[in-house]
Amino acid sequence: MENATTRKGKSAEVRAAIAAERRELADLFDTLRTDQWNEQSLCAGWRVREVAAHMSMGFRLSLPTMLGELVKARGNLHRMTDRVARRDSAAYSTTALAAFLRDNAHHPWTPPVGGLAAALGHDLVHGLDITVALGIDRRVPENRLRILLDDIRPSTLKFFGADLDGVQLCAEDLDWSYGSGSPVFGAAQDLLLLAYGRRLPDGRLRGEPSNRFTRSAEGA
């Protein structure tokens, strides 16, 4: 059983990973061209700018404001986050969207479930939603990936709507695998996206079931 000192050390590690991820993504956002901000991300229906706006929603909206937005959306969380992302992506400049991440690198926000690891997952996966869609070869540091890869559970897959039945995810760049069945090979960060319910551009995965997780040309 973990003692208090061990738990405290792990929390500090995850907090440091969150802060580093936010700062690095903010720096990357500052380099994007206008046309890239308007490209589709891996998040269905969202351009890069909507994803970036969504990433800082937890920092910018107080709990009462968030609850008010949820009421407007008739209790539908997906509808609420979609509406706010579209509204805020139009209201703020791209410079401001990047600054929200940088200025809140140490913000204590966490999602409603999942704690600190979920907060890291929120930032890291949405960052990949952007970089993978844009074809930017950003390699997430291994220590950050490990925190999330080691936290994957059946409940994770269910929450994000990921169907990995009969599939084993096999990382080609790390000693990591998950599940059982027909192997799908790819970079660890790409396989993480599969566990979070994403479909990837063609050519990033290998293995017989790969087509299950590949975006169609129409959806790209």
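Hi everyone! Reading along the sequence, this chain runs α-α-α-α-α-α-α-α-α-α-β-β-β-α. That comes to 11 helices and 3 strands, where helices (H or I, at least four residues) and strands (E, at least two) are DSSP runs numbered from the N terminus. The model is predicted, so local features need pLDDT of at least 70 and side-chain atom pairs count only at pLDDT 80 or more, while totals for chains, interfaces and linings use all residues. Residues are numbered from 1 along each chain as its sequence is written, and side-chain values use heavy atoms, leaving out hydrogens and water.

Now to the rings. How many aromatic pairs does the structure hold? There are 6; rings of Phe, Tyr and Trp (its six-membered ring) pair if their centres lie within 6.5 Å, with planes under 30 degrees apart called stacked, over 60 edge-to-face and the rest tilted. One of them joins F59 and W109, edge-to-face, at 6.4 Å centre to centre and 85 degrees between the planes. This pair links distant parts of the chain: F59 belongs to helix 4 (residues 57-60), and W109 to the loop between helix 7 (94-103) and helix 8 (115-134), 50 residues apart.

Are F59 and W109 buried or exposed? Both are buried, where buried means under 20% relative accessible area, exposed over 50% and partly exposed in between (1.4 Å probe, protein chains only).

Let's turn to F159 and F160. Their ring centres are 5.0 Å apart and their planes at 85 degrees, so this pair is edge-to-face. F159 is exposed, at 58% relative accessible area, and F160 is partly exposed, at 32%. Ring pairs also link F159 and F160 with Y196 into a cluster.
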